[in-house]
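The following note sets out, point by point, what may be read from the structure shown below. Please keep the structure in view while reading.

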Amino acid sequence: MYSENTIYIIGDAKTSSNNPITQKFNVFFIGLVIDKSSGLIVDADCSSTIPLTEKFVKSLFLGKSIMDTEKVSREIETRYFGSSQKALVVAFKNASIKFQQITG
């Protein structure tokens with residue numbers, strides 16, 4: 001399904017205690033499949049309670065660079081207004097750091 005040049009990284013972040021995601025998973029996380037040589041995100045998913053959230057979050061990440069944290073963060077902040085907005089930004093930045101450590 002994915003080329004041998006891809007890697008899978010999880011980024012995670014805490015959410016507020018009243019967030020349904022916290023009640024279901026205890027933490028918010030995103031899973032990203034990334035082309036190791038280009039840093040482009042080829043697939044994405046997240047912990048969510050609504051399938052539409054998963055689809056929308058995926059659309060925010062597909063084709064973007066894992067290294068372009070500021071641009072992607074700004075897009076999240078201007079397009080995603082779910083209760084996990086801050087956690088989504090933190091989880092993405094966490095995944096970006098992990099990618100840099102892996103590919104360093």
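**Note on the structure**

1. E75 and R79 both belong to helix α3 and lie 4 residues apart, about one turn of the helix. Helices (H or I, at least four residues) and strands (E, at least two) are DSSP runs, numbered from the N terminus. The two residues form a salt bridge, with the closest N and O atoms of E75 and R79 2.7 Å apart. A salt bridge here is a side-chain nitrogen of Lys or Arg within 4 Å of a carboxyl oxygen of Asp or Glu.

2. A remark on the basis of this note is needed. This is a predicted model, in which local features need pLDDT of at least 70 and side-chain atom pairs count only at pLDDT 80 or more, while totals for chains, interfaces and linings use all residues. Residues are numbered from 1 along each chain as its sequence is written, and side-chain values use heavy atoms, with hydrogens and water left out.

3. E75 has a further partner: it forms a salt bridge with K64, the closest N and O atoms being 3.0 Å apart. This pair links distant parts of the chain, since E75 is in helix α3 and K64 in the loop between α2 and α3, 11 residues apart. The terms are set by relative accessible area: buried means under 20%, exposed over 50%, and partly exposed in between (1.4 Å probe, protein chains only).

4. The count of salt bridges comes to 5. One of them joins D12 to K98, with the closest N and O atoms 3.8 Å apart. D12 lies in strand β1 and K98 in helix α4, 86 residues apart, so that this pair links distant parts of the chain. D12 is partly exposed at 34% relative accessibility, and K98 is partly exposed at 27%. Side chains of opposite charge can pair when their charged atoms come close.

5. The strands form an open sheet of 3, in the order β1-β2-β3, with antiparallel pairing. Two strands are said to pair if DSSP finds at least two bridges between them. Strands β1 and β3 stand at the edges, each with a single partner strand, so one side of each is left without a neighbour in the sheet. From one strand to the next, the twist averages 20 degrees.

6. The pairing can be followed residue by residue. Strand β1 (residues 6–13) is joined to β2 by 8 bridges, and I7 has I34 in β2 as its bridge partner. Strand β3 (residues 41–46) pairs with β2 over 5 bridges, in the antiparallel sense. Across this second pairing, V33 stands opposite D43 and I34 stands opposite I41. β2 and β3 form a hairpin with 5 residues between them, and G39 in the turn has a positive phi of about 80 degrees.

7. Helix α4 (residues 85–103) has 19 residues, which at 1.5 Å a residue should span 27 Å; its end C-alpha atoms are 27 Å apart, which agrees. The expected span is 1.5 Å times one less than the number of residues. The buried residues of α4 include L88, V89, F92 and F99. The buried residues of α4 pack against β1, β2, β3, α2 (51–61) and α3 (69–79), where contact means heavy atoms within 4.5 Å.

8. What does the largest nonpolar core contain? It has 24 residues, and those with the most contacts inside it are I30, L32, F61 and L88. Such a core is a set of buried Ala, Val, Leu, Ile, Met, Phe, Trp, Tyr and Cys residues joined through side-chain atoms within 4.5 Å. The elements giving two or more residues to this core are β1, β2, β3, α2, α3 and α4; α4 gives the most, with 7 residues. Leaving aside residues up to four places away in sequence, L88 touches F28, I30, V57, L60, F61, I76 and Y80.

Terms used: Axes fitted to C-alpha atoms, helices over the stretch in contact; angles between N-to-C directions.
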